[in-house]
Amino acid sequence: QTVGLGLPKIVYLGKDSAEVELLRSHLDSGWLKKWGQHDEPVNYISAGYFAALCAAVQDEPVKTFHAQEVQSIVMGASTSIFKIVRR
């Protein structure tokens, strides 16, 4: 929570892929209060952070991984899910 993401939980982190569940999201909470639900994910900064995390943990260059939010709190889900894959 110190970097403002909310409460991320690394479900798994492998050589070629990973999954992160965002149990709480400061960005989603703010979005919902200001604009309400949205029809697509809004956590682009979190996605980039999780992709960079995978690269850093595996001592790989930046942009080695791509993260996509496949489930989103701002869209009505109870948590957000990010799928991360090696490019």
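Here is a short tour of a predicted model, stop by stop.

Some ground rules before you click: local features here need pLDDT of at least 70, side-chain atom pairs count only at pLDDT 80 or more, and totals for chains, interfaces and linings use all residues. Residues are numbered from 1 along each chain as its sequence is written, and side-chain values use heavy atoms, with hydrogens and water left out.

**The sheet.** Switch to cartoon and find the open sheet of four strands, ordered β1-β2-β4-β3 with antiparallel pairing. Strands are DSSP runs (E, at least two residues), helices are too (H or I, at least four), and both are numbered from the N terminus; two strands pair if DSSP finds at least two bridges between them. β1 and β3 (65–71) are the edge strands with a single partner each, so one side of each has no neighbour in the sheet. On average, neighbouring strands are turned by 25° against each other, direction ignored; the axes behind that angle are lines fitted to C-alpha atoms.

**β3 against β4.** Next, select 65–71 and 80–86. Six bridges join β3 to β4, and the two run antiparallel. Look for Gln71, which sits opposite Ile81 in β4.

**Ser80.** Stay in β4 and pick Ser80. Is Ser80 buried or exposed? Ser80 is buried, because its relative accessible area is 0%; the classes are buried under 20%, exposed over 50% and partly exposed in between (1.4 Å probe, protein chains only).

**Arg87.** Now step into the segment after β4, where you'll find Arg87. Arg87 counts as exposed, at 65% relative accessibility.

**Helix α1.** Jump to residues 26–35. At the start of α1, a side-chain oxygen of Ser25 comes to within 3.4 Å of the backbone nitrogen of Leu27. Just past the other end, Gly36 has a positive phi of about 85°.

**A surface patch.** Finish with a surface view and select Ile10, Leu13 and Val57, a nonpolar patch with about 250 Å² of accessible area together. Areas are Shrake-Rupley values with a 1.4 Å probe. Patch members have over 30% relative accessible area and no salt bridge, with like charges joined within 9 Å and nonpolar side chains (Val, Leu, Ile, Met, Phe, Trp, Tyr) within 5 Å; a salt bridge is a Lys or Arg side-chain nitrogen within 4 Å of a carboxyl oxygen of Asp or Glu. Ile10 belongs to β1 (residues 6–13) and is partly exposed, at 46%.

Notes
Polar contact = N/O pair within 3.5 Å; in protein donor to acceptor, adjacent residues only side chain to side chain. Axes fitted to C-alpha atoms, helices over the stretch in contact; angles between N-to-C directions.
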